[in-house]
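Subject: Structure handover

Hello,

Here is the structure for you to take over. Please look through it first; my notes on what turned up follow below.

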Amino acid sequence: MVLLRYLLVFATSFGLALLAAPVAGRLGRRVGMVDRPGGRRQHEGLVSRLGGVAVFVAFMAAVGLAHQQGLLTAGYGARDSLRLKGLLIGGGVAILCGLLDDRFDLPPLPQFAVQIALSLIALATLLWLERFTLPLIGMIELNRYPWGPWIYVPLTVLWVAGMINTVNWLDGLDGLAAGVGAILCLVLAIHMHRAGQPSVALLPLALMGALTGFLPYNMAPASVFLGSAGAFFLGYGLAGLGLIAGGRTATVLMVMGLPIVDVAWQIFDRARHHRSPVRGDRGHLHFRLRDLGLPQRAIVVLYWGFCALFGLLALVVGPWQKLAALIIVGLGVVVVLALLSREDPTGRD
């Protein structure tokens, strides 16, 4: 019975995204919300930026169906319902603010303000990074201490803003961000199911269905992009899903370890070369691999495989092994990026 519920939610979001994505593509071209070739983008022709709207609509429709069927909030308390509202309201705000960026190409400061606002929505609705497991110490529950908010409030802001930036910067090759996001959603759904939280598992399944339904139109050569709206929504959604049911931060870090380290390296590398940390360039690992001549689809599949492998490890290993894997990933990616940066320190705009 539970598997049928999962299938219903996934199929609903998948089917709707499959239908909505080409509509979003045509609409974006009609209203002029498109990406043009040049700079970091090396696609051909005008490509719609409204794909994220299709993903959002499909996700919300599947969540609405689950709620209407009485599947979504089974066993929820008042705090659980508030967290769900925070996930959905924050996702809506992310879409609206992202659409403004897609239309007007906002400078970095307003984008940063959006990320802070989304972090505050998370905090106001109890989506807090207050529980996590540390090797040797075990479970840390910061909300039990009077000084806890001084730690988990900035941690939550860093978590939400960091995930939005990670997805936004990852969205550089066709199908890359959407595919990685779908893999993380699958891992989270399995984790939640195994933890006895089937109603919560419906949320990542709904998002996974929307992303996989969108992917056929987003793979190279893409006919529609996620756009800032999609990247903001996906980043906020993944951050919220990592917090909504007791904290799955280690799982999220395992799957997203490669792109997170890439983001951290770009900030460091741009700063040491006296460039703005928020100014986009082709210094990201996926761009550097593309410039070395690797086919776009091969790079995307390589990222997918890497994230899927570490997602599998997150499901089967303990805290110490997760920590060791994260350290290995971090060091490996930093070494590769450092070597590539020595060949071209400019980052190539």
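The number of salt bridges comes to six, a salt bridge being a side-chain nitrogen of Lys or Arg within 4 Å of a carboxyl oxygen of Asp or Glu. This is a predicted model, in which local features need pLDDT of at least 70 and side-chain atom pairs count only at pLDDT 80 or more, while totals for chains, interfaces and linings use all residues. Residues are numbered from 1 along each chain as its sequence is written, and side-chain values use heavy atoms, with hydrogens and water left out.

One of the salt bridges joins the side chains of D35 and R49, at 3.0 Å from N to O. Helices (H or I, at least four residues) and strands (E, at least two) are DSSP runs, numbered from the N terminus. Both D35 and R49 are buried; buried means under 20% relative accessible area, exposed over 50%, and partly exposed in between, with a 1.4 Å probe and protein chains only.

Another salt bridge is that of D80 with R83, where the closest N and O atoms are 3.5 Å apart. The two residues are three apart in helix α3, which means that about one helical turn separates D80 and R83. D80 is partly exposed, because its relative accessible area is 29%, whereas R83 is buried, with a value of 12%.

A salt bridge also forms between D269 and R272, with 2.7 Å between the closest N and O atoms. These residues are likewise three apart, in helix α10 (residues 257-272), so D269 and R272 are separated by about one helical turn. D269 is buried, with a relative accessible area of 1%, and R272 counts as partly exposed at 40%. Through salt bridges that share partners, D35, R49 and D105 are joined into one network.

Next, the aromatic rings. How many aromatic pairs does a search of the whole structure find? The search finds seven. Rings of Phe, Tyr and Trp (its six-membered ring) pair if their centres lie within 6.5 Å; planes under 30 degrees apart count as stacked, over 60 as edge-to-face and the rest as tilted.

Y145 and W147 form a stacked pair, 4.8 Å centre to centre with 15° between the planes. Each of these two is partly exposed, Y145 with a relative accessible area of 40% and W147 with 44%. For W265 and F268, the ring centres are 5.3 Å apart and the planes stand at 55°, so that pair is tilted. Both W265 and F268 belong to helix α10, where they are three residues apart, about one turn of the helix. W265 is buried, at 8% relative accessible area, and F268 is partly exposed, at 46%. Ring pairs also link F56, F59 and F233 into a cluster.

On a 1 Å grid over the protein atoms alone, a cavity is a set of points where a 1.4 Å probe fits but cannot get out, and lining residues have an atom within 4 Å of a point. Grid points are joined across faces, edges and corners, and a volume is the space filled by probe spheres set on the points.

The largest cavity has a volume of about 40 Å³. Its lining is made up of F59, L87, G91, L207, F233, Y236, G237 and L241. The elements that give two or more residues to this lining are α3 (78-104) and α8 (227-241), and α8 gives the most, with four residues. By class, the lining has six nonpolar, two polar and no charged residues. Here Ala, Val, Leu, Ile, Met, Phe, Trp, Tyr, Cys and Pro count as nonpolar, Asp, Glu, Lys and Arg as charged, and the others, Gly among them, as polar.

Last, the cysteines. A search of the whole structure finds zero disulfides, a disulfide being a pair of cysteine sulfur atoms within 2.5 Å. For C185, the nearest cysteine sulfur is that of C307, 12 Å away. C185 counts as buried, because its relative accessibility is 0%.

Regards

Key
1 Å grid on protein atoms, 1.4 Å probe; cavity = no way out; pocket = protein on both sides within 12 Å on 5 of 7 lines; lining within 4 Å.
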